[in-house]
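Welcome! Take a moment to look over the chain below, and then we will walk through it together, one topic at a time.

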Amino acid sequence: MLFSTPTGAEAVATPRDHVLVYPSVASRRITLWRSDSRQWSPTGTIRICDGIGRCVRTVQAASAGDQLQIDVSDLSAGAYFLHASTAKTVVTTQFIIAR
């Protein structure tokens, strides 16, 4: 399924994926968007793990809206996995940092 993000960029997700990450190739920051139009839960946690599974960043997902920006400018170039968890679900997606 193809979604249009609030900035007009397109992102791909299945209907059960309620969290989209864009851009998929980033250098400074990534934006997480709740495609189900819900707001982030104060109990939600975002974990960013490197290619070998080490957690390199943990962010509390509390936000006033359906978007959350995370600064990734200090992370090394490479592939990362993002695990977004709330009280009811865990969504895992991948993004790349390019320098």
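This is a predicted model: local features need pLDDT of at least 70, side-chain atom pairs count only at pLDDT 80 or more; totals for chains, interfaces and linings use all residues.

Residues are numbered from 1 along each chain as its sequence is written, and side-chain values use heavy atoms, with hydrogens and water left out.

**The whole protein**

- The protein has ten strands and zero helices; both are DSSP runs numbered from the N terminus, with helices (H or I) of at least four residues and strands (E) of at least two.
- Of its 99 residues, 37% count as buried, where buried means under 20% relative accessible area, exposed means over 50%, and partly exposed lies in between (1.4 Å probe, protein chains only).
- The protein exposes about 5,800 Å², and carbon and sulfur atoms supply 51% of that area, as computed by the Shrake-Rupley method with a 1.4 Å probe, where for residues only the protein chains shown count as cover.
- Among contacts with a separation of 6 or more, 45% come from residues 24 or more positions apart.

**More about arginine 57**

- Arginine 57 lies in strand S7, which covers residues 55-60.
- Arginine 57 counts as buried because its relative accessible area is 18%.
- The side chain of arginine 57 reaches the backbone oxygen of aspartate 71 at 2.5 Å.

**An open sheet of three strands**

- Strands of a sheet pair through backbone hydrogen bonds, either parallel or antiparallel.
- Here, three strands form an open sheet in the order S3-S5-S8, with antiparallel pairing; two strands pair if DSSP finds at least two bridges between them.
- Strand S3 (19-22) and strand S8 (67-71) are the edge strands, as each pairs on one side only.
- Neighbouring strands of this sheet are turned by 20° against each other on average, direction ignored; the axes are lines fitted to C-alpha atoms, for helices over the stretch in contact, and angles run from 0 to 180 degrees between N-to-C directions.
- Strand S5 (residues 29-34) and S8 share five bridges in the antiparallel sense, and tryptophan 33 stands opposite glutamine 67 in S8.

**Strands S6, S9 and S10**

- Strand S6 (residues 45-49) pairs with strand S9 (residues 78-85) over five bridges, in the antiparallel sense.
- S9 also pairs with strand S10 (residues 90-97), in the antiparallel sense and over eight bridges, with phenylalanine 95 in S10 as the bridge partner of tyrosine 80.
- Histidine 83 is found in strand S9 and is buried, at a relative accessible area of 18%.
- The side chains of histidine 83 and threonine 92 are joined by a polar contact of 2.9 Å. Such a contact is a pair of N or O atoms within 3.5 Å; within protein, one must be able to donate a hydrogen and the other to accept it, and residues adjacent in sequence count only if both atoms are side-chain atoms.

**The cysteines**

- How many disulfides are there? The count comes to zero, with a disulfide taken as a pair of cysteine sulfur atoms within 2.5 Å.
- Cysteine 49 is in no disulfide, and the nearest cysteine sulfur, that of cysteine 55, is 4.5 Å away.
- Cysteine 49 is buried at 4% relative accessible area, whereas cysteine 55 is partly exposed at 39%.
- Cysteine 49 stands opposite phenylalanine 81 in S9.

Notes:
Contact means heavy atoms within 4.5 Å.
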